[in-house]
Amino acid sequence: YISASIIFSLLTKVVPSLEAISKEGASGQRKINQYTRLATIPICLVQSMFVVFGVLGQEVAGVPMLTSTASSLGVIYLIIVMVALTAGTMFIMWLGEQITENGVGNGISLIIMAGIIS
């Protein structure tokens with residue numbers, strides 16, 4: 001979500017149509033936020049693929065992790081983990097929006113801060 005947010009912050013400065021939408025006021029900002037949420041999904045899928053290959057590519061105590069049951073499941077394992085990580089991201093994004101809507105503060109920032117503190 002943060003990656004998508006940064007990308008759209010930069011795109012609104014570069015792409016004239018997005019810049020025009022962002023200058024529409026509250027409705028334009030809602031549209032940009034919706035685009036950011038939608039862009040989060042493919043970005044999360046790509047990042048989750050890198051996480052899976054990064055973890056499975058390691059060796060633990062000299063034993064490659066790819067020899068585990070993960071390699072026998074192959075593509076199914078990859079898809080399940082990618083969907084689980086993406087669903088977790090969507091849940092955290094929703095939770096952050098709920099925190100923001102209830103006036104506690106910027107929800108995503110609070111969640112990030114709690115993660116750093118913990």
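Is Ile112 buried, partly exposed or exposed? Ile112 is partly exposed, at a relative accessible area of 36%, where buried means under 20%, exposed means over 50% and partly exposed is what falls in between (1.4 Å probe, protein chains only). Bear in mind that this is a predicted model, so local features need pLDDT of at least 70 and side-chain atom pairs count only at pLDDT 80 or more, while totals for chains, interfaces and linings use all residues. Residues are numbered from 1 along each chain as its sequence is written, and side-chain values use heavy atoms, with hydrogens and water left out.

**The overall layout**

- The protein chain has six helices and two strands, taken as DSSP runs numbered from the N terminus (helices: H or I, at least four residues; strands: E, at least two).
- Going along the sequence, the pattern reads α-α-α-β-β-α-α-α.
- Of the chain's 118 residues, 19% count as buried.
- Take the contacts (heavy atoms within 4.5 Å) between residues at least 6 apart in sequence: 51% of them join residues at least 24 apart.
- The accessible surface of the protein chain comes to about 7,900 Å², and 70% of that belongs to carbon and sulfur atoms; accessible areas come from the Shrake-Rupley method with a 1.4 Å probe, and for residues only the protein chains shown count as cover.

**The nonpolar patch**

- Helix H1 (2-14) and helix H6 (107-117) each supply at least two of the patch residues, with the largest share, three residues, coming from H1.

- Setting aside neighbours within four places in sequence, Thr36 is in contact with Tyr1, Ala4, Ser5 and Phe8.
- Ile2 is 34 residues from Thr36 in sequence, yet the two are 9.1 Å apart in space, C-alpha to C-alpha.

**Salt bridges**

- Side chains of opposite charge can pair when their charged atoms come close.
- The structure holds three salt bridges, each a side-chain nitrogen of Lys or Arg within 4 Å of a carboxyl oxygen of Asp or Glu.
- Arg37 pairs with Glu97, and their closest N and O atoms are 2.4 Å apart.
- That pair links distant parts of the chain, with Arg37 in helix H3 and Glu97 in helix H5 (residues 75-101), 60 residues apart.
- Arg37 is partly exposed at 25% relative accessible area, and Glu97 is partly exposed at 22%.
- Lys23 and Glu19 meet through their side chains at 3.5 Å, N to O; Lys23 is exposed at 64% relative accessible area, whereas Glu19 is partly exposed at 30%.
- Lys31 bridges to Glu24, with 3.7 Å between the closest N and O atoms; Lys31 counts as partly exposed at 40%, and Glu24 counts as partly exposed at 43%.
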